[in-house]
Structure formats: structure tokens, C-alpha cells
Amino acid sequence: MTFRHSKDAVVYWGQYNLSKFLNAASISASMDPGETTNFASAGNREYIKGLKDATLAMEGFYSVATTEPSTEITDVLTSAFAGTTSPVVTVGLEDDTIGRRAILFLGDIVGFDIDSPVDGVITSSVDLQGSKGYEGGFWLRPLSASTSTGSNTAVNSGLTNGGTTGGGVGHLHVTSVASTFASATFKVQHSTSGSTWADLISFTATTAARVQRSTVSGTVKEQVRATISSYTATAGADTITAAVAFARYGPFKG
């Protein structure tokens, strides 16, 4: 048994790293069962599984810039609340180290509060309603800068029975591109042995800060990794900073 501390938790919201503005993040999941109690239930209530639901609540500190566009949390949340696109959010419960747990979330803002007490720091909080629940996955790439192609260490979740069925979902958070001429193609790949790799998810080529959520169907093999398959830039210093997380769907094979 290994206990973990959340002091180094991370939150990537779209193309923004909001970690420095936040001090709490909470995921809640529920399921509404349908009652099927009948005369043959022997005096016990019976249920079948119904609709699932999930919410994400975050708390932190108010911070706003005087210029637009801004990466300050209040500007980011205000823009998302007024927009029509559902935010793509990934929470690292401990940090974003490869193989550590990640929560992949897609939802809409249903609550946004700013609290300005006379005797304290201005704080902000936001509540998101999940559109497709949430996925419990793992980090394939920590938020880091790259200047060339290359692959990150593979994650093998202890599977030895052919992987999982039902596909999966990947999140790519690109927080910065140092040059307007830089471009990179990030992928999620999978493998049985770790010697031969096949593309599982190919994200759209990245030329600017952005986020992409992509799903895939079918079998996901035992080992999974993040890779940059192509990279172009005008100079070696043209860095692209990004993080990748992935979650499996479906049951184990076998």
C-alpha cells in the first residue's frame, strides 16, 4: 500500500496550465439506478444500473490580466463560461509523471464564483458538469518542452493478457509554441512487447498552443507511449511544450 500526497497536483485546462492558481480539485461520480423490485424479490429491493454522472470542482485564487488574450485563471474561466466549446481538462492527482494517474474530463461550466472578503485573499471557484462522465487514465508525457522527434517511456499497467478492448481516449495539451514556424505531430502508440509500435491516436499537427481530445476504438495493447513522429522548426531553440494523457475504455482481454 502506497499513500500519495497531492501537493504537486496539476491541472491542465485546454492550452493553459492552471496549476499555479489552484489549491483544490475534486472529482465526483454517481450513477442513478433503476429499481426493479418485484414480488419475487424476497423482501429485498433490486436495481439495475442507470445513467452515470460526473462533476469536477476546483478552487483557487483570483488573478486577472490587463491585456487580452491572457493565461490568467479568471480570464480563462470567464472566456470558457461565455463560450460554446466544452473545456477539455486533465487533472494529475499527484503530478504528471509518466505512469501516474490522470483524470480526463470533458464538460461545461455550470458554476463560476469569485469571493472578495474584506480580510482575505480574493478567491475563485468553478464547477464543471461532465458531458461524458470522466476517464481514469495515466500520464504518457509530462508537461515539457521538445525541439525534436522522440518517444517517452512506455506505460505498461501490469497487463499480460492482450491489453484491453473498447478503445480509449487521449488528451494533448500544448501550452506554448516558441515560434510561428514550429510544427510537431504528437501520437499515442501501443505495443505488445515494446519492440514494435503501432499508432493508436494521431493528433492534428501542432503549430500553436491548443488542446485536442481524441478517441479510438478497438483493442489497446499492453504497452502505451507518447511520441513525436515529426518535428519542423526554423531553429533548434523553437520549442513546443506539451503534455499527453491517455485512458483505456473497456475490459481486459482474455
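The buried residues of helix α1 pack against β1 (10-13), β2 (16-17), β3 (22-35), β4 (47-61), β6 (101-115) and β7, where contact means heavy atoms within 4.5 Å, and where helices (H or I, at least four residues) and strands (E, at least two) are DSSP runs numbered from the N terminus. Within α1, residues 73-82, the buried positions are Ile73, Thr74, Asp75, Val76, Leu77 and Ala80, with buried taken as under 20% relative accessible area for a 1.4 Å probe and protein chains only.

Please keep in mind that this is a predicted model, in which local features need pLDDT of at least 70 and side-chain atom pairs count only at pLDDT 80 or more, while totals for chains, interfaces and linings use all residues. Residues are numbered from 1 along each chain as its sequence is written, and side-chain values use heavy atoms, with hydrogens and water left out.

Turning to the sheet, four strands form an open arrangement in the order β8-β13-β10-β11 with antiparallel pairing, a pair requiring at least two DSSP bridges. The edge strands, each pairing on one side only, are β8 (150-151) and β11. Between β10 and β13 there are 9 bridges, and Ser191 stands opposite Gln223 in β13; β10 and β11 are joined by 4 bridges, with Gln189 opposite Asp199 in β11. In the hairpin of β10 and β11, with 6 residues between the strands, Gly194 takes a positive phi near 95°.

Finally, which residues does Val188 touch, leaving aside those up to four places away in sequence? Its partners include Leu140, Leu200, Val244 and Phe246.

Methods:
Buried means under 20% relative accessible area, exposed over 50%, partly exposed in between (1.4 Å probe, protein chains only).
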